Amino acid sequence: MYGTFWALVPPILAIVLALITKEAYSSLFIGVLVGALFCANFAPVAALDTALNSGFITAIADNAGIFLFLVILGIIVAMVNGSGGSAAFGRWAEKNIKTRVGATLATFVLGVLIFIDDYFNCLTVGSVMRPVTDGHRISRAKLSYLIDATAAPVCMIAPISSWAAAVSGVAADLDAGFSGIELFIRAIPYNFYSLLTFVFIIAITLMKFDYGPMRVHEMAAQLEGKLGGLEGQEEETANPKGRVFDLIFPVIVLIITCTVGMIYVGGFFGVDAWGGTECAGDFIGAFGNTDAFVGLPWGGIIALVLTVIYMCARRVLSFKEAMACVPKGFIAMVPPIIILTMAVSLKTMTSTLGADVFVHDLMMGASESLYSMLPAVIFVVACILAFASGTSWGTFGILIPIVTAIFPASSSLLIIGISACCAGAVCGDHCSPISDTTIMASAGAQIEHLNHVSTQLPYAITVAAVSFVTYIVAGFVQNAVICFVVGAVLTVAVLFVIRNMEAKKEVKA
């Protein structure tokens with residue numbers, strides 16, 4: 001089964017079961033067990049050992065840093081809610097953001113501004129904007145889509161982000177004719193999925209309509225006030241002492257400390273304890289050398305301590321009340337931690353089965369007969385691989401070396417191919433129920449995970465279809481501006497067609 005289509009069967013099985021049963025835990029667990037059976041040639045004891053040691057235990061050990069960061073954010077959110085900061089921000093937003101369109105666009109803008117890391121983006125935007133969107137009866141499904149659509153996509157086109165570091169790191173040792181970061185920057189204008197996702201959000205917001213399962217959730221929110229949040233996580237009685245600054249202060253401190261933490265880990269201050277390239281004084285280089293799984297908890301723990309001191313000094317929370325937020329924050333993050341552990345374990349099974357070998361052979365075969373069409377083919381392959389594996393980083397890690405081997409360094413198609421690879425990785429990650437970013441978006445919006453997946457899938461597929469056509473055009477035109485204009489016009493045109501179709505359905509009903 002190594003290096004064949006069977007390598008993708010376990011994640012596909014998990015995804016199909018999750019979409020059918022609407023239950024993520026057992027679906028992912030079954031996918032891990034099937035992958036372990038494949039890895040162990042169906043020997044039961046060996047399969048169980050593989051699932052436990054190579055899967056779950058390794059996943060927990062490798063992701064301990066991000067689990068810690070999740071818990072820290074959960075604690076900070078609990079403290080902000082307990083202090084009345086969220087409620088105060090909601091009251092301020094009610095006075096200053098007067099429409100649903102304004103609340104939606106404000107969420108979108110904040111998502112675009114927090115471009116350093118996708119995990120950080122998901123949880124920060126969710127905690128800040130939940131009171132605003134709730135006040136305007138925007139469903140949690142719509143909020144989770146806005147969070148997810150401005151997490152990975154914006155990180156993939158931001159030169160200073162953990163994603164830029166990952167892509168440039170993969171491309172750094174390849175004979176592409178450019179440095180890793182230069183290759184990433186050159187590829188940004190051709191990252192049509194990320195760019196067209198932003199066009200899609202603005203267009204559908206201004207056109208004031210929704211379609212697919214999202215429409216059902218939005219109608220329930222507007223007409224019945226059913227936002228679709230997690231049961232048992234209703235907001236507590238607001239602290240009357242709370243002010244807007246009680247929310248703004250922790251967020252600003254978190255952004256500053258996490259940024260400093262990431263560049264510190266990357267060697268910006270001359271300390272390179274994690275064995276990378278010396279980057280003293282080089283801000284971009286430090287991001288290229290950082291480890292977000294260390295840098296984010298580094299900043300998060302400092303932000304937590306400062307937030308406790310601030311809340312107690314303001315007397316909006318006593319020290320005892322602040323400490324009571326610790327278990328609350330941990331409990332709130334248990335579901336995403338469990339799903340993330342299962343998803344990472346499933347990715348390990350997929351990698352062990354040689355999914356990269358299968359995709360390499362597939363791509364090299366296609367390159368011989370579909371040269372100008374290859375960017376579009378790369379985009380589709382990256383979408384499928386990221387959707388099945390749930391990892392965009394793993395996807396471009398597999399495909400970028402293949403793309404640089406197919407195209408010569410002097411060819412414009414090399415840049416377009418790298419962009420198609422990155423865009424497809426983001427798209428597949430965006431759609432996949434086992435993607436860590438998708439899981440984080442659900443956690444940020446406090447919505448049932450599979451509700452988030454099912455409602456955003458039609459939107460993501462729409463943008464993916466337009467992006468595929470745009471990459472076909474790019475393979476022949478090779479001009480980023482012309483191709484983007486074509487893609488933007490197509491996106492808006494498709495939305496007009498869908499809106500007319502929805503209107504006809506309503507008339508018939």
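**Exercises on a predicted model**

S345 lies in helix 18, which spans residues 334-352, and the exercises below use a predicted model.

**Exercise 1.** Decide whether S345 is buried or exposed, and find which backbone atoms its side chain reaches.

*Solution.* Begin with the relative accessible area of S345, which is 0%; because buried means under 20%, S345 counts as buried. Next, look at the polar atoms: the side chain of S345 reaches the backbone oxygen of G55 at 3.3 Å, and a polar atom of that side chain lies 3.4 Å from the backbone nitrogen of F56. Finally, list the contacts of S345, leaving aside neighbours within four places in sequence, and you find V32, G55, F56 and A59.

**Exercise 2.** Among the 16 aromatic pairs of the structure, examine F29 and F56, and determine how their rings are arranged.

*Solution.* The ring centres of F29 and F56 are 6.0 Å apart and the planes stand at 10°; since planes under 30 degrees apart count as stacked, this pair is stacked. Then place the two residues: F29 is in helix 2 (residues 24-39) and F56 is in helix 3 (residues 44-62), so the pair ties together parts that are 27 residues apart in sequence.

**Exercise 3.** Identify which residues form a nonpolar patch on the surface together with I302.

*Solution.* The patch consists of I301, I302, V305, L306 and I309, which together have about 400 Å² of accessible area.

How values were computed: Residues numbered from 1 in each chain as written. Predicted model: local features only at pLDDT ≥ 70, side-chain atom pairs only at ≥ 80, totals over all residues. Heavy atoms only, no water. Patch = residues over 30% accessible without salt bridge, like charges linked within 9 Å, V, L, I, M, F, W, Y side chains within 5 Å. Areas by Shrake-Rupley, 256 points an atom, 1.4 Å probe, with all protein chains shown as cover. Salt bridge = Lys/Arg side-chain N within 4 Å of Asp/Glu carboxyl O. Helix = DSSP H or I, 4+ residues; strand = E, 2+ residues; numbered from the N terminus. Buried < 20%, exposed > 50% of the residue type's maximum accessible area, 1.4 Å probe, protein only. Polar contact = N/O pair within 3.5 Å; in protein donor to acceptor, adjacent residues only side chain to side chain. Contact = heavy atoms within 4.5 Å. Phe/Tyr/Trp six-rings, centres within 6.5 Å; stacked < 30°, edge-to-face > 60°.
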